[in-house]
Amino acid sequence: MPSDMEVVMSLLADTIAQIAPLDAGVMQAARARQDMLTKPQGALGRLESLSIQIAGITGQVRPQLKQPAVVVMAGDHGVAAQGVSAFPSEVTPQMVLNFLHGGAGINVLARHVGARVVIVDVGVASEIPAHPDLVSRKIAPGTRDFSVEPAMSREQAQQAVEVGIAVAVEAIDAGADILATGDMGIANTTASSALVAAVSGMSVAEVTGRGTGVDDAGLAHKVAVIEQALKLHNPNPADGLDLLSKVGGLEIAGLAGVIIGAASRRVPVVIDGFISGAAALVAAALAPESKAYMIAGHRSVERGHQAVFGSLDLEPVFDLNLRLGEGTGAVLAISVCQAACKILDEMATFGEAGVSGKE
Ligand SMILES: Cc1cc2ncn([C@H]3O[C@H](COP(=O)(O)O)[C@@H](O)[C@H]3O)c2cc1C
Ligand SMILES: O=C(O)c1cccnc1
């Protein structure tokens, strides 16, 4: 009999092993179709390249995105005790209840694009009363304060990634054909900046912003806390579980799992803001092939988000000056992905429409 730990480890390893490269033949066929549509070649810019990426992801020359879902992972952070957020930790469970009642920003924007919202407690510190729409998969009641000790054990990091894999696969089995990532966790921009600094090699000051709105003194303190933590733990940037266990978060681990799970099932995954971007860096460290399945939804206001795009070689779909998280920018970008696929599928070719080609 394998121990529980071996089963857990094999799920992560098996899922990573299932991630295949994009289908180059399908992408070529989608490119050829784009070039026959009634517009100057390339005139629909990013809509064209997005449609081709999604064709390569799904293996369909004319992919349809009909059932979006956003996975919002919630977890608390021990490092909040250092005063690195403008808000108290009790906001995390309070916002989870808000999600469940449909009143948060993500609920509104998900309704706007017709996306299902999946809310997961992977590490909220307090007990959240049972609710039919809450996926309760708590690995620990928050992380430990990583300014003084590792945020979690390596085993917990792996278990949290696996929660994300399982939730993504369940959503896909229930019909989802495109996923978005969303986060909730007071102080999680601190963990995210630590991860981004560790992976990008940039200085902590360059990749640390105000999160929920700390003032100048608060920002300087936040930078000092992260610098000290990185000095203490020296995480290995090539080892996703080492990064997570030392300076990560349970919801960040869960989101890395969502990305890996989506990639393993050939489903596009739209990455939200800075926290989701940190999760994407971890996913890429664990499974480099998962990068091809990522679509960067938007550029967040949070300082350091650009470093994520640089490290992953991604270009955000838009920049609306968002700095909320929860998956808000990602679900809006899903609508752009759907538009891109409709262009590829529904636009007439020059031949069909009787329009003359280029001289
Ligand atoms: C009411 C409220 C709703 C939110 N929804 C997302 N966040 C965002 O803010 C937090 C990160 O910022 P920091 O690192 O400064 O704590 C995360 O929970 C993130 O999802 C929120 C924050 C607040 C206050
Ligand atoms: O970009 C984000 O996701 C973000 C930025 C600030 C605060 N919360 C989330």
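This passage describes three residues of a predicted model, G56, R266 and N321.

Residues are numbered from 1 along each chain as its sequence is written, and chains are lettered from A and ligands numbered from 1 in the order in which they are written. Because the model is predicted, local features need pLDDT of at least 70 and side-chain atom pairs count only at pLDDT 80 or more, whereas totals for chains, interfaces and linings use all residues.

G56 lies in helix α3, which spans residues 45–58; helices (H or I, at least four residues) and strands (E, at least two) are DSSP runs, numbered from the N terminus. G56 is classed as buried because 26 C-beta neighbours lie inside 10 Å. In this scheme a residue is buried if 20 or more other C-beta atoms lie within 10 Å of its own, exposed if 12 or fewer, and partly exposed in between, with C-beta atoms placed from the backbone. Apart from neighbours within four places in sequence, G56 is in contact with L22, D23, V26 and M27, contact being defined by C-beta atoms, placed from the backbone, that lie within 7 Å. V196 is 140 residues from G56 in sequence and 28 Å from G56 in space, C-alpha to C-alpha.

Two residues in loops were also examined. R266 is located in the loop between α10 (250–264) and β5 (269–271). The phi of R266 is near 55 degrees, a positive value in a residue other than glycine. R266 has 19 C-beta neighbours inside 10 Å and therefore counts as partly exposed. N321 is placed in the loop between α12 (305–312) and α13 (328–346). For N321, which is likewise not glycine, phi is positive, near 60 degrees. N321 counts as exposed because 8 C-beta neighbours lie inside 10 Å.

Notes
Two residues are in contact if their C-beta atoms, placed from the backbone, lie within 7 Å.
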